Amino acid sequence: MGDSKEAGAEAPPAGATARGGLSLLPPGEAEEPSAQGSALCLGGSEVKSRAVVKYSSAPPRAAFARLEEKTDLKLPPANWLRESAKLGPAGTTILGNSKKSKPFSSFGMAYDFIDSVGNDVDVVSDSENIKKLLKIPYSKSHVSMAVHRVGRTLLLDELDIQELFMRSSQTGDWTWLKEFYQRLIDQKWQRKKKSKEHWYQKAILSKFLYYSINGDGAAQPVPPAAEQQDPPGSDQTQDADGASWPAPFDMPASVSEDPGASSQGGEPLEPSYIVGHVASAPKEQNLTTLFNDGENSQGLKNDFVRNILWTFEDIHMLVGSNMPIFGGGRYPAVSLRLRDNNKPINVLTGIDYWLDNLICNVPELVMCFHVNGIVQKYEMIKTEEIPDLENSNFSTKVIKDIAQNILSFLKSNCTKEGHTYWLFKASGSDIVKLYDLTTLCEETEDKYQNPFTMPVAILLYKVACNMMMKKNQNKKHYGTIRTLLLNCLKLLDKSRHPQIIASANYMLSELFQLDEPKKDESSECPLNENSDESYSEEEEEEMPDSDENGSYSTSSDPPEDNKAVAVIKSVGELSVPEKYKSIHQIRPSCAFPVCHDTEERCRLVLSYVLEGLKSVDNSIKKESDLPAADPNTPIPLKYEDESARGGPEGLEKQMALFLDKMGSLQKGNYSCQSGMIPGSWQHKMKLQLILKSSKAYYVLSDAAMSLQKYGRALRYIKLALQSHDTYCCLCTNMFSEVLLFLSQYLTLCGDIQLMLAQNASNRAAHLEEFNYQTKEDQEILHSLHRESSCHGFAWATDLSTDLESQLSVSCKCYEAANEILQFSDLRSQNPDHCVQVSKRMGNIRNEIGVFYMNQAAALQGERAVSKSVSTAEQQLWKKSFSCFEKGIHNFESIGDATNAALLLCNTGRLMRICAQAHCGAGDEFKREFSPEEGLYYNKAVDYYLKALRSLGSRDAHPAVWDSVNWELSTTYFTMATLQQDYAPLSRKAQEQIEKEVSEAMMKSLKHCDVDSASARQPLCQYRAATIHHRLASMYHSCLRNQVGDEHLRKQHRVLADLHYSKAVTLFQLLKDTPCELLRVQLERVAFAEFQMAGQNSNVGKLKTLSGALDIMVRTTHAFQLIRKELVEEPGQPKSDGPSPAADAAPSLNREEALKLLSIFESRLSFLLLQSIRLLSPGKKKTSSDTEGDAALRTNKHVYSQLLRATANRDTSLLERVDVLLHLLGQLAGGGAVQ
């Protein structure tokens, strides 16, 4: 039935349309006295009962007419079997002329109240079946019911064996069950005819009810269905409901294999459906259209006048009832019963009346007594008084125990979803048996011979579909949904029901969220729970089907009863409280498979996608028009050499074709090779499945990327893009979400190509991973090739062997991803993704720029010094500069100042390489700093300064700021050093050069941070010390070469002394530069000697000489560092004896140390000699003669020792250092000239 029932409300909204065109009851005309449940106190014990009307097609309740005494009920009333305005169109059904419950009546209710099935409700059934079960211990009648399980819900339907076997005799169906029944249960079975008394009682009840609604309604023609009513006393063997058994269920034409026969709605699907969110799971595949014809023709329609949610104690039941309910006078609702006055009410009748009133929440019973059809009297009985009536006394507590025991028994044994169970009690027997008809059927015949197979499959599918579409669906229900769908698929014939199979597989794939965080994979399910299915059927079979009392055991039953799943040995056991406790959960709380990693989850998704694709493909009849292809034959994943596709230039053409294709997709062009009709279910479903496969492959690729399996990642992203290409061919209207997916795929493809370029050393392993293919991937690819060539993205997914080509492909992928974002409002809707794409474009352009820059540097290194810059170098510079420029623009467009600064820094480095390439050609001795070098170094400085301006301040990104500062300092320092070492004297005056060098050195010093503690601090200190040393040397040189301007000479002398002092201070902070420190000190001594040479007075000379010797003494620190490095050298002997190893200190420049040591010895000897001369006697004595004599003696002693030491040519470097340290110590403490 196509209408939806209102769930959980006592009165549906006014005006809502119900089945058959009737209106649901408006709030003011509630059929029932109260939708609230009532607890009835019965016989001193309390039984809780609550009934809520979920749906009612009955007209407003009519008052019953009290018939006069002596009314002859054998005479038909004027309105008999005719419709009445008071009764509504369903009058004949309401008043007892209804066909009896059809074998699929519970399915009709379940379809209408799909929300309740599997979750809230324990039982769905006709009220007659409920009453029959609860009367088992009191009745000798036979019981035959079909039981099906869906989640925690049991569906109960009458299984009329007599009618079933009559049909078997005519059609040949169910012969296996008939033979089984005759062999094990009733060997002499024959059709039992209904007596004339049965038809007489049925007719007189019908006439009584028509009399009771007042017979003044205008007579209406008897409906065709009513004309088939059997007259009283009819002898025919089949009543009006005899045709209720359908043939084995077949799918209606609307879901046949022919796509043209589809009756599915042609409206375009919502974007959310196209994208494939869980909430949009196949829109129930238009289930109403899909199944209505089949339901109505197969007896699956909900024909009950009212559907009631009845809670009896702790049992929740969805019950269908046709009981006529009347009103009248002070009675808001009463049920009418006709009784033969000569036959007292027995227990069975009392239970029957009591349960009917409880189920329908009717508080009173009106009983009309007759004798031979003549009305005698009326009697009013309250519902709670029924159990205490004379001759029908029964305990409501016992009825409650019976209900709980039967439910526990069924729940404990009817454990397999999709199976049909048969609950059977033979007439007059006390034994109740439960059989699994599905297992019996499969042992003998085709499972599709079971007519319950298809209704059960449809119900499982509908329940799963309904749960999938709940927007607030919690993941904890996914295991339930998965089990429902898997059991549904087990029941379906692939050749007959491709649409449901495809849809079910798609929903199964939707259960696995591909983009969920890994930490959530098992958060819903403890690992120690069963994780394969809701529970394993094999495990169920191993579990004991008995409680602690062994009540379910069949060990004592006759051997021929071993086909029964479970047995109740005596119906009396049902009256024992909690005799049958349900020891099995109807479904474990955790039923979803635990996927321990992303690949396992994606592989499960792809397995379901593949089954869905097969189902769709097999339903398309144009197989003969397709090119033959074997799904078991691998489709090669070739990779082209860059020469075959024209390198980066070829990529430009392929990109242009791709963008043209994307533009055509916006216009809705459609191309399909298999001949699928746009809008057909095959077309819609294949779109979903293909999109799901592309997403799964994308996630697989991303996972492989994180594992550094780049060949595998490229293979998966190729499959994702091939899937997407096929989707584009099939799609008549491209949605923005799908374009966003494509942009993400291309972005990941660019990442993979970049990583392959950076990991070229492992190319063979990547190639092997790229070419590997699973059978599942081959079959999916085969299905894709039915619709498309899948070559739309071949340019992006080939595995090249050339680094430049890989970088170019990566860049083109990012550019394509960025272009896609321009096609719609994706840029504004997905700002984060746009930022990521722009960042990657900036990054890859930086990588390519660095690649070309390094190539240019390599060419420069190979080129002879004398040759000029080649054209190839210049082209590489241009390419590199262009890439850097575009990358900077990318980063600036998203406000990424840090990365923009880094690219500006790299551009500055490129300018420095250009400057180095333009160094002066020709003889090294004739070389000068060229204008081109100056131009490019100044450009480099400009880019570094731009980088600093981009960063703004050091606080923004200290590491990048320090790096740029260092590079800028290096540029200034290099430029100053080159100008100083290769002064362009042919173009500039010496003074101008000195000024420019001084300015550049001071700027370098400004950007050299010597104070901040960092890993680069020693380098900065060394750089600053070197700058001070060079400046001091330059001013020293100027002082030597300059004549005339005394003021300028004085200035240079002060500057030289200042920079020498700062250089010494900085070098002394460093532990690994003793030679540099020694050199600076020696230059300071030379500077003092130069000053002394210009002095005329002995006092002045002696003072200058004293300062020089003091500098010599302060070199002790440098010699100590040299000695320490020599001593710490591995293998250095402890003794002072000469050893070859002593002359080889790996961390010390031995040649330079020896050279400086010789110079030091020479200058120390010269200074000592000069001081001895100046202090020698023969001159006029002064007041300081005493001090002078002491200094003279010390200097002579040191001088003599130094001469002896330098005369020994075999002394090792360490020994010479020790001697000097000893002599310097004597000078420092022995009264050298002050």
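Axes here are lines fitted to C-alpha atoms, for helices over the stretch in contact, and angles run from 0 to 180 degrees between N-to-C directions. Helices (H or I, at least four residues) and strands (E, at least two) are DSSP runs, numbered from the N terminus. The model is predicted: local features need pLDDT of at least 70, side-chain atom pairs count only at pLDDT 80 or more, and totals for chains, interfaces and linings use all residues. Residues are numbered from 1 along each chain as its sequence is written, and side-chain values use heavy atoms, with hydrogens and water left out.

**View 1. Helix H29 packs against helix H30.** H29 covers residues 897-917 and H30 residues 931-951. Their axes are 8 Å apart, at an angle of about 170°. The two are therefore roughly antiparallel (angles over 145 degrees). The contact residues divide into 15 nonpolar, 5 polar and 5 charged. Ala, Val, Leu, Ile, Met, Phe, Trp, Tyr, Cys and Pro count as nonpolar, Asp, Glu, Lys and Arg as charged, and the others, Gly among them, as polar.

**View 2. Helix H20 is mostly covered.** Of its 21 residues, 20 are buried. Buried means under 20% relative accessible area, exposed over 50%, partly exposed in between (1.4 Å probe, protein chains only). H20 spans residues 710-730, and its end C-alpha atoms are 30 Å apart.

**View 3. Trp-354 pairs with Phe-394.** Rings of Phe, Tyr and Trp (its six-membered ring) pair if their centres lie within 6.5 Å; planes over 60 degrees apart count as edge-to-face. The structure holds 16 such aromatic pairs. In this one the centres are 5.6 Å apart and the planes at 65°, so the pair is edge-to-face. Trp-354 lies in helix H10 and Phe-394 in the loop between strand E11 and helix H11, so the pair ties together parts 40 residues apart in sequence. Trp-354 is buried at 0% relative accessibility. Phe-394 is buried too, at 6%. Trp-310, Phe-312, Trp-354 and Phe-394 form one aromatic cluster.

**View 4. Two charged side chains sit over Trp rings.** The criterion is NZ of Lys or CZ of Arg within 6 Å of the ring centre and within 35 degrees of the ring normal. Lys-207 lies over the face of Trp-80, 5.0 Å from the ring centre. Arg-1023 places its charged end over the ring of Trp-966, 4.2 Å from the centre.

Notes
Angles under 35 degrees count as roughly parallel, over 145 as roughly antiparallel, 65 to 115 as roughly perpendicular and the rest as oblique. The expected span of a helix is 1.5 Å times one less than its number of residues. Rings of Phe, Tyr and Trp (its six-membered ring) pair if their centres lie within 6.5 Å; planes under 30 degrees apart count as stacked, over 60 as edge-to-face and the rest as tilted.
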